[in-house]
Amino acid sequence: MRTVLVTGPGGAGRTTVAAATALASARGGHRTLLVSADAVPACPAGPDPSEVAERLSCVRVDSAAHFRAELLALQDRASGVLDLLGANRLDGEELTELPGSSELAVLHTLRRAAEGDWAEDGYEVLVVDLPPLTDALALLALPGQLRRYLRRLLPRERQAARALRPVLAQLAGVPMPAQWLYEAAARKDAELAAVQALIEDGATTVRLVAEPGRAADEALSGARTGLALHGLRVDALVATRVLPRHSADPWFADLAARQEKTLDRWRQEWAPATSVRETPHLGREPRTVEDLALLAETCAPDDRTPGHAGDPWWTEDAGDGVIAWCLPLPGAVKEDLELVRRGDELFLTAGPFHRIVRLESALRRCTVTGAALADGVLRVRFTPDPALWPRTQ
């Protein structure tokens with residue numbers, strides 16, 4: 001399944017472009033599913049696919065309903081512990097969603113699209129309307145982060161056999177985690193793994209949406225670093241609300257000239273790897289399928305663009321036995337970079353973007369002896385630790 005993840009600086013018509021992209025895909029002959037947490041022009045709201053046009057269906061993410069369902073299910077599974085503690089049960093009517101629940105609801109919906117309830121519907125293209133840029137990149141990194149937390153908190157290899165739990169509980173003096181907890185963790189890990197596989201699939205690309213201007217220009221420059229950090233490839237940069245090049249009105253002519261200057265800069269920075277497309281200013285907010293059709297012509301997914309880049313880093317021989325671990329970070333600023341080694345993992349921070357990388361076997365037996373950023377590439381120097389490397393005769 002081809003997946004297009006749509007995001008960009010806020011207020012640029014991201015949801016509209018996502019809908020136009022989905023409509024263009026459907027008109028190109030592909031069964032397409034559009035997923036959004038926001039109101040989509042001409043699309044009904046509902047947690048299950050609703051047909052909008054021929055070969056096009058839409059799903060509206062309901063984060064409040066997902067939060068209630070998940071918390072009530074957890075309450076049911078933990079009923080024994082809660083009854084033992086004399087806890088009062090919560091009713092669904094009194095539950096209001098907490099901050100962060102919307103991201104989990106989006107991940108749940110993506111899992112259903114990837115291998116859940118709708119996988120058998122035969123969708124060929126999935127278009128996902130993500131939150132604004134920085135939040136979207138954090139959301140795309142969330143499945144891997146949550147899986148890491150689960151492995152640390154409830155490692156499977158330490159799961160004791162059921163028959164030994166009473167004995168271990170007496171020896172330790174504390175109750176052992178119940179079997180349902182491990183089962184719930186395994187179930188969540190499998191669901192997160194499905195979403196992570198979808199995001200990291202070779203047919204998954206990111207589509208950026210921005211209105212030409214200084215604020216969007218700055219946001220996109222910073223986003224290049226975050227995209228590279230996570231190995232995400234951009235299939236298109238869609239410029240929205242582009243004014244006609246020639247106008248008799250001096251004010252409109254000046255604004256159009258400034259837009260064109262920004263577009264020229266985007267073409268130089270992003271092309272040819274990423275196509276820069278333009279959607280016209282309609283003079284009104286798009287509200288119907290006909291309005292979306294006016295924008296869909298320039299929003300069709302590009303099947304020629306390769307998808308997720310996979311692990312973007314590589315290693316080089318830096319001489320004298322030193323190994324250089326290299327990561328491309330276009331647009332990164334040295335002052336915004338932080339690098340921490342903890343055990344077998346490397347914690348990377350580039351401005352507002354974060355990633356935790358598990359080091360390959362050879363690098364785990366080395367110590368970090370330096371790092372440098374040059375020509376948009378971060379190079380971390382690893383020197384073999386004599387105590388960990390086999391001795392040569």
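1. Which residue takes a positive phi in the hairpin of β11 and β12? In that hairpin, which has two residues between the strands, G343 takes a positive phi near 60°. The hairpin of β12 and β13 likewise has two residues between the strands, and there G351 takes a positive phi near 65°.

2. On provenance, this is a predicted model, in which local features need pLDDT of at least 70 and side-chain atom pairs count only at pLDDT 80 or more, while totals for chains, interfaces and linings use all residues. Residues are numbered from 1 along each chain as its sequence is written, and side-chain values use heavy atoms, with hydrogens and water left out.

3. On confidence, pLDDT (the predictor's confidence in each residue, from 0 to 100) has a mean of 86 over the chain, and 90% of the residues reach 70 or more. Among the elements of the chain, helix α6 (residues 165-172) has the lowest mean pLDDT, 52, whereas strand β5 (residues 125-129) has the highest, 96.

4. On overall content, the chain comes to 11 helices and 15 strands, where helices (H or I, at least four residues) and strands (E, at least two) are DSSP runs numbered from the N terminus. Of its 393 residues, 41% count as buried, buried being under 20% relative accessible area, exposed over 50% and partly exposed in between, with a 1.4 Å probe and protein chains only. Among contacts (heavy atoms within 4.5 Å) between residues at least 6 apart in sequence, 68% join residues at least 24 apart.

5. Three strands form an open sheet in the order β11-β12-β13, with antiparallel pairing; two strands pair if DSSP finds at least two bridges between them. The edge strands, each pairing on one side only, are β11 (337-342) and β13 (353-358). Neighbouring strands of this sheet are turned by 15° against each other on average, direction ignored. Six bridges join β12 (residues 345-350) to β13, and β11 pairs with β12 over six bridges.

6. Helix α5 (residues 133-153) packs on this sheet, touching β11, β12 and β13, and its direction makes about 35° with that of β13. Helix α8 (residues 214-229) also packs on the sheet, touching β12 and β13, and its direction makes about 20° with that of β13. Axes here are lines fitted to C-alpha atoms, for helices over the stretch in contact, and angles run from 0 to 180 degrees between N-to-C directions.

7. Within β12, five of the six residues are buried, so the strand is largely enclosed by the rest of the structure. E345 lies in this strand and counts as buried at 15% relative accessibility. E345 is the bridge partner of R342 and stands opposite R358 in β13. Leaving aside residues up to four places away in sequence, E345 touches R148, V340, I356, V357 and R358.

8. The axes of helix α1 (residues 14-27) and helix α10 (residues 289-296) come within 8 Å and cross at roughly 80°, which makes α1 roughly perpendicular to α10; that label covers 65 to 115 degrees, with angles under 35 counted as roughly parallel, over 145 as roughly antiparallel and the rest as oblique. The contact is made by T16, A19, A20, L23, A24 and R27 of α1 together with V289, L292, A293, L295 and A296 of α10.

9. The axes of helix α2 (residues 63-77) and helix α4 (residues 101-115) come within 9 Å and cross at roughly 90°. Residues S63, H66 and F67 of α2 meet S101, S102, L104, A105 and H108 of α4.
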